[in-house]
Amino acid sequence: MGGSRSHWEDVYTAKSETAVSWYQPHSVRSLELIEQAAPDRGAAVIDVGGGASTLIDDLIGRGFSDLTVLDIAPSALERSKARLGKDAAKVVWIASDITRWTPTRTWDVWHDRAVFHFLTEKAQQDAYIAALTAATRPGATAIVATFALDGPENCSRLAVQRYSPETLACRLGPAFALTGQARETHRTPWGSEQRFSYAALRRR
Ligand SMILES: C[S@@+](CC[C@H](N)C(=O)[O-])C[C@H]1O[C@@H](n2cnc3c(N)ncnc32)[C@H](O)[C@@H]1O
């Protein structure tokens with residue numbers, strides 16, 4: 001049913017940011033899809049469940065100027081802030097559970113790698129979709145990466161719901177049209193493989 005704040009705080013307290021299974025030195029596939037969706041560096045981008053990912057470093061490095069990272073685990077955000085140093089001030093940091101969050105503005109690009117798939121209950125998924133819908137306007141792009149249909153059944157001691165781009169689009173509903181997709185075989189720090197499915201969806 002998705003982990004609590006204390007679950008994720010424990011994960012980030014127990015392991016360094018490079019020792020978690022989902023660690024990537026660079027979020028290559030995400031960067032490609034974000035740059036396709038938003039060639040304009042003034043586009044507003046939010047990384048939902050961004051954790052301690054270096055995606056934000058690379059977006060700053062590419063000149064994006066309206067950046068937000070949201071995560072349920074404050075300690076993950078603190079790690080990213082410490083890593084970024086003075087560049088941390090270029091980002092809006094939000095410590096919140098996405099299923100209980102009410103956005104106060106909208107973004108052009110919503111990015112989520114490996115968060116929605118932890119929501120295995122319909123009510124939580126509906127709350128996420130309500131936040132996504134409130135945080136975007138028609139023409140915005142949602143980039144959502146989950147474990148693929150042939151990916152792992154759990155992560156971080158939690159069950160996950162696996163998707164293809166098509167089944168994800170179906171779950172997000174008619175307000176989101178599938179416009180792009182990619183697959184990735186992620187190699188964990190200990191060498192095992194995890195198949196991810198990426199979907200780019202345009203808000204109608
Ligand atoms: C598997 S990690 C992925 C982190 C990052 N997106 C990446 O690709 O490196 C999942 C992240 O989602 C966060 N998370 C889990 N449930 C969440 C929720 N309900 N609301 C916001 N963040 C959540 C966790 O704290 C964690 O940082």
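Predicted model: local features only at pLDDT ≥ 70, side-chain atom pairs only at ≥ 80, totals over all residues.
Local features need pLDDT of at least 70, side-chain atom pairs count only at pLDDT 80 or more, and totals for chains, interfaces and linings use all residues. Residues are numbered from 1 along each chain as its sequence is written, and side-chain values use heavy atoms, with hydrogens and water left out.

The ligand is surrounded by 18 residues (a heavy atom within 4 Å of the ligand). The closest are Tyr12, Gly49, Asp71, Ile98 and Arg113. By class, ten residues of the shell are nonpolar, five polar and three charged (Asp, Glu, Lys and Arg count as charged; Ala, Val, Leu, Ile, Met, Phe, Trp, Tyr, Cys and Pro as nonpolar; the others, Gly among them, as polar). Helix α1 (5–14) and strand β2 (66–71) each supply at least two shell residues (helices are DSSP runs of H or I, at least four residues; strands are runs of E, at least two).

Polar contacts are pairs of N or O atoms within 3.5 Å. A polar side-chain atom of Tyr12 lies 2.5 Å from a ligand oxygen. A ligand nitrogen is 2.8 Å from a polar backbone atom of Gly49. A nitrogen of the ligand is also 2.9 Å from a side-chain N or O atom of Asp97. The protein covers 96% of the 590 Å² of accessible area that the ligand has on its own (Shrake-Rupley method, 1.4 Å probe).

Strands β8 (residues 176–187) and β9 (residues 193–203) pair in the antiparallel sense over eleven bridges (pairing takes at least two DSSP bridges). Arg187 stands opposite Glu193 in β9. The two strands form a hairpin with five residues between them. In the turn, Gly191 has a positive phi of about 95 degrees.

Terms used: Polar contact = N/O pair within 3.5 Å; in protein donor to acceptor, adjacent residues only side chain to side chain.
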